[in-house]
Amino acid sequence: MEIQGKNGTIYVVRHGETTDNVDKKFRRASTQLTDKGIKQAEDVGEQLKNIDIPQIISSPLDRAMHTSDIILSKQEKPITKEPSTPTNLINLADSNVPFHC
């Protein structure tokens, strides 16, 4: 999801497919990306590889950090772990509410 505002652009990306997604289980903190989830992250990384992203914020959960690491593998940028990210950004990504930055 791309959100454009007068101060820049925010890209909101949810983690790739996990084993819990496939097994239709409640999301556990320990769930890992599947091969498909890894490929999804690689595809997003390819789409974003030529965009200068000054800051990356990720949930500290393994699935989110793994997704972020894969996406940013070609950019060599540090990732800021933000514990409140899952609720805030998932709600934003799943809503149709305009967001201004």
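Guide: A term is needed before the packing can be described: contact means heavy atoms within 4.5 Å. With that in place, the buried residues of H2 pack against strand E2 (8–11) and helix H3 (62–71). Please bear in mind that this is a predicted model.

Visitor: Which residues of H2 are buried?

Guide: Gly 37, Ala 41, Gly 45 and Leu 48 are the buried residues in H2. Viewed down the axis of H2, its buried residues fall within an arc of 80°, so they line one face of the helix.

Visitor: And which residues are exposed on the other side of H2?

Guide: Asp 35 and Gln 47 are exposed there.

Visitor: How many residues does helix H2 have, and how far apart are its end C-alpha atoms?

Guide: Helix H2 covers residues 35–48, which is 14 residues. At 1.5 Å a residue it should span 20 Å, and its end C-alpha atoms are 20 Å apart, which agrees.

Visitor: Let us step back to the whole chain. What pattern does it follow along the sequence?

Guide: The protein chain has four helices and four strands. Read along the sequence, they follow the pattern β-β-α-α-β-α-β-α.

Visitor: What percentage of the residues in the protein chain is buried?

Guide: Buried residues make up 28% of the 101 residues. The accessible surface of the chain comes to about 6900 Å², and 51% of that belongs to carbon and sulfur atoms.

Visitor: What about contacts between residues at least 6 apart in sequence: what share joins residues at least 24 apart?

Guide: Among those contacts, 54% join residues at least 24 apart.

Visitor: Back to the helices. How many residues of H3 are buried?

Guide: Seven of the ten residues of H3 are buried, so H3 is largely enclosed by the rest of the structure. The buried residues are Arg 63, Ala 64, Met 65, Thr 67, Ser 68, Ile 70 and Ile 71.

Visitor: What do the buried residues of H3 pack against?

Guide: They pack against H2, strand E3 (56–58) and strand E4 (79–81).

Visitor: Which residues form the largest nonpolar core?

Guide: That core has eight residues: Leu 33, Ala 41, Leu 48, Ile 53, Ile 56, Ile 70, Ile 71 and Leu 72. The elements that give two or more residues to this core are H2 and H3.

Visitor: Take Ala 41, then. What is it in contact with, leaving aside its neighbours within four places in sequence?

Guide: On that basis, Ala 41 is in contact with Thr 67, Ile 70 and Ile 71.

Visitor: Thr 67 is in that list. Is Thr 67 buried or exposed?

Guide: Thr 67, which lies in helix H3, has a relative accessible area of 4%; the limit for buried is under 20%, so Thr 67 is buried. The side chain of Thr 67 reaches the backbone oxygen of Arg 63 at 2.8 Å. Leaving aside its neighbours within four places in sequence, Thr 67 is in contact with Arg 14, His 15, Gly 16, Leu 33 and Ala 41.

Visitor: Where is His 15 found?

Guide: His 15 is in the loop between E2 and helix H1 (19–23). With a relative accessible area of 18%, His 15 is buried.

Visitor: Which side chain makes a polar contact with that of His 15?

Guide: The side chain of Arg 63 does, at 3.3 Å. Leaving aside its neighbours within four places in sequence, His 15 is in contact with Asn 21, Arg 63, Ala 64 and Thr 67.

Visitor: One last topic, Ile 38 in H2. What is its relative accessibility?

Guide: Ile 38 has 24% relative accessibility and therefore counts as partly exposed. Ile 38 and His 66 are 28 residues apart in sequence, and their C-alpha atoms are 8.4 Å apart in space. Leaving aside its neighbours within four places in sequence, Ile 38 is in contact with Leu 33, His 66 and Ile 70.

Visitor: And Lys 39: which side chain does it make a polar contact with?

Guide: Lys 39, also placed in helix H2, makes a side-chain polar contact with Asp 43 at 2.6 Å. Lys 39 is partly exposed, with a relative accessible area of 45%.

Note on methods:
Residues are numbered from 1 along each chain as its sequence is written. This is a predicted model: local features need pLDDT of at least 70, side-chain atom pairs count only at pLDDT 80 or more; totals for chains, interfaces and linings use all residues. Side-chain values use heavy atoms; hydrogens and water are left out. The expected span of a helix is 1.5 Å times one less than its number of residues. Buried means under 20% relative accessible area, exposed over 50%, partly exposed in between (1.4 Å probe, protein chains only). The arc is that of the directions from the helix axis to the C-beta atoms. Accessible areas come from the Shrake-Rupley method with a 1.4 Å probe; for residues, only the protein chains shown count as cover. A polar contact is a pair of N or O atoms within 3.5 Å; within protein, one must be able to donate a hydrogen and the other to accept it, and residues adjacent in sequence count only if both atoms are side-chain atoms. A nonpolar core is a set of buried Ala, Val, Leu, Ile, Met, Phe, Trp, Tyr and Cys residues joined through side-chain atoms within 4.5 Å.
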